[in-house]
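Here is a short tour of one structure. Have the sequence and the 3D view open while you read.

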Amino acid sequence: MDFFSALQISSFETLAKLLLAAFLSLVIGLERELKRKPVGLKTSIVISTFSCLLTIISIESAYIARGSVYDNVNITMDPLRLAAQIVSGIGFLGAGVILKRGNDSISGLTTAAMIWGAGGIGIAVAAGFYVEAAISVAIILIGIEVLTPLLFKFGPKRLRMTEANLKITISDPASLSSLMEELKKGGLLIEAMSIAHKGDDHSSNKHIVTVRAFYVEDKATIDMYQEISEIKNVERVEIDLIT
């Protein structure tokens with residue numbers, strides 16, 4: 001086989017790898033896009049395709065560097081050294097989508113893991129593990145879209161509960177105990193609570209009660225809002241669902 005024929009075969013194989021990495025990453029990106037997460041189609045395809053390209057360059061460079069011009073010096077390269085740096089670099093992207101909210105809850109961990117996984121798909125395809133890459137994508141999708149919803153629906157009660165942050169304004173701090181009792185009767189599982197005086201005017205008895213709680217998904221948010229609004233001495237209710 002002459003040089004040009006080998007070059008054509010190598011170029012075709014490289015193109016096929018890049019296209020496969022891009023296609024598999026689109027599957028992950030679509031799942032994130034449908035859920036309105038920060039990382040979607042464009043981000044996934046960029047991460048996976050360039051990870052694949054850099055891994056191909058790393059592997060091919062190891063074979064090109066056969067030795068130096070000096071007979072007594074032999075140059076050896078680790079074909080996956082650059083791929084290892086890719087994994088470290090993607091960590092910075094993943095950190096950028098992890099958000100810490102004011103209520104101490106953290107979101108974006110799954111999306112960060114998807115970023116890391118998109119890079120892994122590109123590396124796997126570039127290294128020639130086509131079937132393994134496709135199976136990994138299938139397992140991830142089944143785990144996220146099938147198994148996880150089933151566990152949330154038929155699993156332990158805690159998994160079927162929705163997290164919510166409540167900000168309740170009360171006109172009399174003496175009614176705080178009765179407020180907590182009414183919330184528990186309404187099916188709320190209270191995790192944390194804080195209370196603060198409203199405004200700078202200390203002559204006012206208005207206080208803001210911030211509650212972090214869980215409730216079963218069967219309970220409608222509107223119904224919960226109306227029930228809390230009807231509690232004695234409650235003047236204002238704000239509900240923020242954590243998804």
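At 7% relative accessibility, S58 counts as buried, because buried means under 20% relative accessible area. This is a predicted model. S58 belongs to helix α2, which covers residues 41-64. What does S58 touch, apart from its neighbours within four places in sequence? S58 is in contact with D78, P79, L80, R81 and L82.

Next comes another serine. S25 sits in helix α1, residues 3-34. S25 is buried, and its relative accessible area is 0%. With neighbours within four places in sequence set aside, S25 contacts S44, I45 and S48.

Now a strand. Strand β3 spans residues 161-170, and N165 is part of β3. N165 is buried, at 10% relative accessible area. Where does A192 stand relative to N165? Their C-alpha atoms are 9.6 Å apart, while 27 residues separate the two along the chain.

The surface has its own story. Is F154 buried or exposed? F154 is exposed, with a relative accessible area of 62%, because exposed means over 50%. F154 is located in helix α5, residues 130-154.

| Residue | Relative accessible area | State |
|---|---|---|
| S25 | 0% | S25: buried |
| S58 | 7% | S58: buried |
| N165 | 10% | N165: buried |
| F154 | 62% | F154: exposed |

Terms used: Residues numbered from 1 in each chain as written. Predicted model: local features only at pLDDT ≥ 70, side-chain atom pairs only at ≥ 80, totals over all residues. Heavy atoms only, no water. Helix = DSSP H or I, 4+ residues; strand = E, 2+ residues; numbered from the N terminus. Buried < 20%, exposed > 50% of the residue type's maximum accessible area, 1.4 Å probe, protein only. Contact = heavy atoms within 4.5 Å.
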